Each structure stands twice: as C-alpha cells, then as structure tokens.
Amino acid sequence: MIGKLFDVPRRPLAGSAALLALAAVIMFTAMTDSTMQPLPATAPDDQFSAGRALAHLKEFAAVPRPIGSPAGDQARDYLAGQLRAAGLQVEIQRSVGARSAAGLATFGQVDNIVGRLPGTGSTGTVLIAAHYDSAAMGPGASDDGAAVAAMLETVRALRGGPGLRNDIVLLVSDGEEDGVLGAEAFVREHPLGKAGGVLLNWEARGVSGPSMMFETSANNARLVETFAGAVPAPRGHSAMVELYRLLPNNTDFTPLTKAGFTGMNFAYIQHPSLYHTAGDSIANLHPGSLQHHGSNMLALARTFGDTDLRTLASDHDVTYFRALGTMITYPGGLVWPLAALAAVAVAGLALLARVKRLLSLPRLIAATVSAVVPLAVSAGLAQGLWELLVSWRPAYDLMGGLLHRPRPYQTAIAVLCALAVLGWYLLLRRRLGPAALTVGALTWFAGLGLLCAQVASGTSFLFALPALLGAVGWLAAVLLRTPAWARTVVAMLGPVTAAMLLPSLAGDVFEGMGLALGGVSALVLALFGLVVVPVAESFLPDLAARPKRATALAVPLTALLLTAGLVAAGLVVDDFDADRPRRTHLAYVMNAGTRTAHWVSADADPAPWTKRYVSGHDTSALPPGYARGTLWTGQAPAIAAESPRADVLTYRGGTLKLRVTAGKGTRSVTLRLDQPITHATASAGRFGSASVPVTGTRVGTWPAEVRFRGIPASGALITMRVPEKDRLRLTVIAETDGLTAVPGFVPRPPDLVAATREDGDLTAVTRSYTLTRDSRRGKAALAKQPAGCRTFEGLERRHSSV
C-alpha cells in the first residue's frame, strides 16, 4: 500500500508552477507587511507627519539620557514644555520606582511627565505611554525617543481637531530601561495610575520595520476589533501575543496592565543589532517606522477618544492575523471547532487514502512519528551553525545573535531546513509512500493545532488552518473528476496557507530572538517544509524506479555546498565597520580603600582596542564581590574621585539600615552583599520611598545586589532584610557614565561601540566593608565610631579576593 494521492501529466511544469506560486505568496506577504511611507513636514495639519516628529526628536534624543542624567533632565524639561505649550495640563511626578529580580532589588529616582487633555464627556481614560529615558550606551532615538516624538506630533494633530469625548492622558515615563521604574511608581502612587482605562504603549527593539501590535491585555476581543478597523496599516498577529506572554521580557505595559489597564503594546523590531547601542541614533532611524508608529497612534487616539470605553469589556481573546494584506479576526470560541475540524479532515483524508489502498495504518504511523526527525535535525543544525559562527567570530557572542547583516546566515539555515525535510522525504518515499508522508505531515499540523488550542489559543491558527485547508484540498484533488490543473490548484490550498503564515513568522522570530536561538526559527521553517515537500513529487521519478546513486547524492551535496557558500558570504558581508560596529565591554574599577585600579572586560575575545587595557584573567585584586563571570583585567591608574560611603543606622533582628552616599557627580550606586536578602526598601527624601520583596540569588557573583539609579547627591536610605550571621560583607560601587576621566584613556575607534552589559562603559569607585557580630552579646561589634553615627568605618575590614 504505497501510492500517491493523485498524479498529473507534465509533472515538472506543474511542480514549477506550484513553486512559483508559493514564492509569489511569500513575497507578496512580505511586501504587504512592510512599513509606511513617511510624510514630510508639509503634510496636512490633520495628518501625522514623521517630518514634524523628527524635528522634536532632534531636540531631545541626540545623546544618551539614562535615568538621573543631566541629558535626561534636559529632555524632561523640553517635553514638559512642549506639552504645556500644546495646552495640556502637565505635572512632573517625582518618586522612587522599584523592581525586583532574582537576588536583585533595583530602585531609581524617577521624573514621570504626566499630561492630561480633558474630554468633553469622558467615559474613561485613554492612556498613551512611552518612556523618555534611554539606555546609557546610546541615544535611544528608536527606544523610545521615536514614540515620545510621535506623542508630541499626535497631540498637535488632536488639538487642531474637534475635542474628544474621553480624557487623553500622556505618560512619558522615566526609568524604563532600568526595570520599568517610572511606570511602577505611576501605578503605585499616582491617582491616574490607579484609575485604569485603555492603554496604548509604544516601544522599539530595532531601528526600522513596521509598527506591530505584539502584546495585549487579556480578553482582547473588542480592543483588537477596534485596532483592526481604526488604523491605516494594522500589523501583527495573535501568535506574537501568546509568544510574548511566555517570555520573561517586560515593558511599561506590564506594570500598567497589572494595575488594571486594558490595552495594546506596539513596537518595531527590524535591525535589532543597533538596539541599546550608540547605533540607536536619529541617523539610523527609518522615518517610515516613525510614521507608522505615529499614524497608528493618532488613529487609535481619535477612535478610543470618541468611543464609549465602557463598551470595550470582553470575556475572551480573538485570533487575528494578516493574509494577503487583509487583517482577519475570529473569536476565541472558534479556535477549538477549527482545530477539531482540521483533525477530522486529516482523519478523513487518511481514511480515504486507506480505502484507495494508497497507504496502510502502520506506514501512516511510521510517517507521522518519523516527521520528528527533520524537525529536530533542523533545529539542531541551526543551533550548531550558531556555535560554529561564535567559535569563528567570538565577537558575535556579545551581540546575542542579533547580527548586523544576518541574511546569508538566515538563508543558510533555510537551506539546512530544506535539506533535512527533503532528505526525510526522499529516504522514506519508497518505503512508506508519498501518501503516508503527506498525511503524516498534516497529522502533525492537526495535532499542534489541538495542542495550541489548549495551551496558547492565539497560535492555533498557524497549524489548524494549514491542516484544515490542506486536508480539504487533498480530499478534493482525490475525489473530484476535474482537469488535472484544477486538482493541482486545490491540492495547493494547504501549502499556500502555510506560505502566508509560517515564513513571515520565522522572519519575526529571527528578528526578535536572533541567530543565538536560530533553532526556533528553523523549527518553524521545517514545519513549513513538511507541508510543502509533497510538491517535490512533481520532480521525482516513479516509485518503481530506483534512483541513481549520483542523483541521490546530488541533493545533500548541493545543499551543503550552498550552505558553506552562504556562511562564507556571511562572514564577508557581516564584517564590522563604522556603520555596523562591533561591540566591546570595558569598565574602570578603583578600590577607594587601597587606591588600586583596574580595567575590566567581559569580552570572550577582546578587540585590539580593548586589549590596550586588559591582558589577563587575574581577578584576585578586584574589590570583593565586584567580579561577575569570567573577566579580562589590566592595571589602570588611580583617579581623584570621591569614594562611596555606607553608614550603619541600625542593624538588629536581621534588618540592616544604611545611609548610602555615592560621591559628587555619581549617577548610580550598587551594593553587593555576600549573603542573600529577602526584602529591600529605598528612601530618597522628598522623592519618597519604595519597597520590594527579593527572592533567589544572583548568578556568578555575590548572592545579593541592590541598585539605586539616579541617586540624589545627599544619598539614600537603604534597608535590607539579611540573615543574622556573625559576619556580613558589603561592597559599595559608585558608578559614573563614561571612561574619559581616566588618565590615558583613548576613545573607541568608529568600528567599536559599548556593549549592552549594564556594568560597561562605567567608571566605578568601590569601598568594601565587613560587619562582624559578637555572637555572645548579639550586638554588632562597633569600635571607634563618631558620636551619633554607626558606620562600617572602624569595623574589622577585610579585602579578600573574589
């Protein structure tokens, strides 16, 4: 029982036509998923203009503006002034934001800008949110300056039209890059943060590409329907929502929705290699991405601004995706029926093929089970390719797989996936039969459709629809007595549906996760291959004919040679230059107690410029608790800088309260402890205080860490719950942006930028302490302390190697 579901005359011609159709669908899908054309500053007043928004962007996003920096203060003043000039009610919310992670408590002094445009008869609040701070390593023109500039242009367009029914609130938050600190403070302390409403949050993880709606709050049916009908160029699909919910990443959207807001999160993600680097600049920002952000923002502000927000409540999510340029949505109640119908259709196809003696049940089971092989091999080959690339070019490791020019490597992965799938098909074609392999592949899709309907309903369409249409198409091709060309057309329903959905998903995964997780994209491409591979039957000899050895070897050899050529091309094309620079990590650290200083780099293979400063891996002279992971080090000259200071206010019952000062001109301070902490509180005078529980421990360094970003000159009060031990070691690290204060420092050449590791490109001055306890008296062993102040100064101090 080995046979084909159906055959056609002139098979090479039919196969070529099928392949061209698939290529056309993939290309058309890519074209319709592109971004918008930017409008100039002369565009009509009622439209969003990227040209006008860029004028604002140049005023505040030319240099890095991390939390607590002078550039951040200047950006805050400019943005608040522009909103006030537009007639909004504006306030600056000054607070302490907080966030916790494994073994880590992060605090920051935040200045949120809150602007309000009252409605004419409000039914609720429409909150438009973006953050004005940037990563310390770059100016953040895209992340998130473009969205902030879009807010100003959106306000201009709104003010020029009729008044909106609902209140429009703009949250231009601070401290997002250090753990969504501004948004956390907004929902914890500000009345508008507690009131709830509809949220539109805007982000970027690259410098170009379409503005995609990649995340929603739960029960998004009415939100998505409004989005699909309101914006001029809707992009995104519900699978992105489900995938993002599974990832540990977060944006301001996370604390805001946890506080009760319902809404949508938008970002563009192409060319992510410049994300959080000096390359995230106005020069590299694609104006079309800014236009897409702003056009969608303006359309949604107008639509939600005039909608009765009380009617947006829903009790389910919807599935949504684009097919040939059209946004398709259907309610969550259809997910299970479609998945079940797909399974029934595939079962019906299997039964028909069995009745026609085209397959047997054992062969179908073997074909279905064996399909795991090309999937696993594809993922393994993609991950293996990445490991090879990192071994050949260690600088790739610092980029996390987000390469500047990855297309040759991505194409190589696609070729390897095609080899794995085609090899599986060719090896088993004569043993199991084309019909069994075709139905077995569709069985995988039907099964994944059912599984996703249970665990991530928004992704089920990716598998259920190709399975359903594929099975229906093959059933029609087998049963109908129509011309051969018509049967070929209906048999292509499944492959064409998969072509509309899976290659673009693989591209999004490549952009979002990079080559370091290329196995995920390879898995998507291999699944696509399972549906498409029956097209190869048009180019293969009859089943009775035994293929020649030379022909059998030609396929894998051609694929491997093509892969090698693509990888070689990638190594040439993706070389580093001033436009697409290499990343390097370098920091300066000085122990204020011993006046010894070192350069430190976490690079696996430092660039020649970095090797000017580091020469070996000896970390024994670094301050206790400073080292994290494997480091390169080198001697450095001492600098004249104030040292940080930690004064003990109380230490009893497992609670340690400190006053921490960082020194003049220092932006941030980090505390590392050799014991875990379970709770931390930070207070910064008139900015207030914040507390967070802490679980787990830090990896590769001391178990606990507390950060305070944007620390006031007067310092901050830090309270921690620590184990009651006889000895507690603490290192305080005062951090200043940049390395130019170090004598002899030579700036990076144009083809190098600072890496994204948060302790890089910093001048760090440290002081280490040991607090001891007399276990018999149960009191801290204090000696020679100034009156009225308990300080670690004067306690037993030990400087040990890390």
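Tutor: Here is the close look, starting with a strand and its partners and then moving on to other spots along the chain.

First, some ground rules: this is a predicted model, where local features need pLDDT of at least 70, side-chain atom pairs count only at pLDDT 80 or more, and totals for chains, interfaces and linings use all residues. Residues are numbered from 1 along each chain as its sequence is written, and side-chain values use heavy atoms, with hydrogens and water left out.

On confidence, the chain averages a pLDDT of 92, and 95% of the residues score at least 70 (pLDDT is the predictor's confidence in each residue, from 0 to 100). Residues 774-802 stay under 50, and the model has 61 contacts for them beyond four places in sequence (contact means heavy atoms within 4.5 Å).

Now for strand 15, residues 655-661. Helices (H or I, at least four residues) and strands (E, at least two) are DSSP runs, numbered from the N terminus, and two strands pair if DSSP finds at least two bridges between them. Strand 15 pairs with strand 14 (residues 645-652) in the antiparallel sense over seven bridges, with Thr-661 as the bridge partner of Arg-645. Two residues sit between the strands of that hairpin, and Gly-653 takes a positive phi near 60 degrees there. Strand 15 also pairs with strand 20 (residues 716-721), again antiparallel, over six bridges; here Val-660 stands opposite Ala-716. Val-660 belongs to the covered face of strand 15 along with Leu-656 and Leu-658, while Thr-655, Lys-657, Arg-659 and Thr-661 make up the uncovered face.

Next, a helix pair. Helix 17 (residues 484-491) and helix 18 (residues 493-513) pack at about 40 degrees, with axes 5 Å apart; axes are lines fitted to C-alpha atoms over the stretch in contact, and angles run from 0 to 180 degrees between N-to-C directions. That angle makes helix 17 oblique to helix 18 (under 35 degrees is roughly parallel, over 145 roughly antiparallel, 65 to 115 roughly perpendicular, and the rest oblique). Val-489, Val-490 and Ala-491 of helix 17 meet Leu-493, Gly-494 and Pro-495 of helix 18.

Gly-449 is in helix 15 (residues 434-455) and counts as buried because its relative accessibility is 0%. The cut-offs are under 20% relative accessible area for buried, over 50% for exposed, and partly exposed in between, with a 1.4 Å probe and protein chains only. Beyond its neighbours within four places in sequence, Gly-449 touches Ala-339, Ser-460, Phe-463 and Ala-464.

Most residues other than glycine have a negative phi, and most peptide bonds are trans. Against that background, Leu-324 has a positive phi near 55 degrees; Leu-324 sits in the loop between strand 8 (318-323) and strand 9 (326-331), and at 43% relative accessibility it counts as partly exposed. Asp-761, not a glycine either, has a positive phi of about 55 degrees, in the loop between strand 22 (752-754) and strand 23 (762-774). A cis peptide bond joins Asp-143 and Asp-144, with omega about 10 degrees, and Asp-144 lies in helix 4 (residues 141-159).
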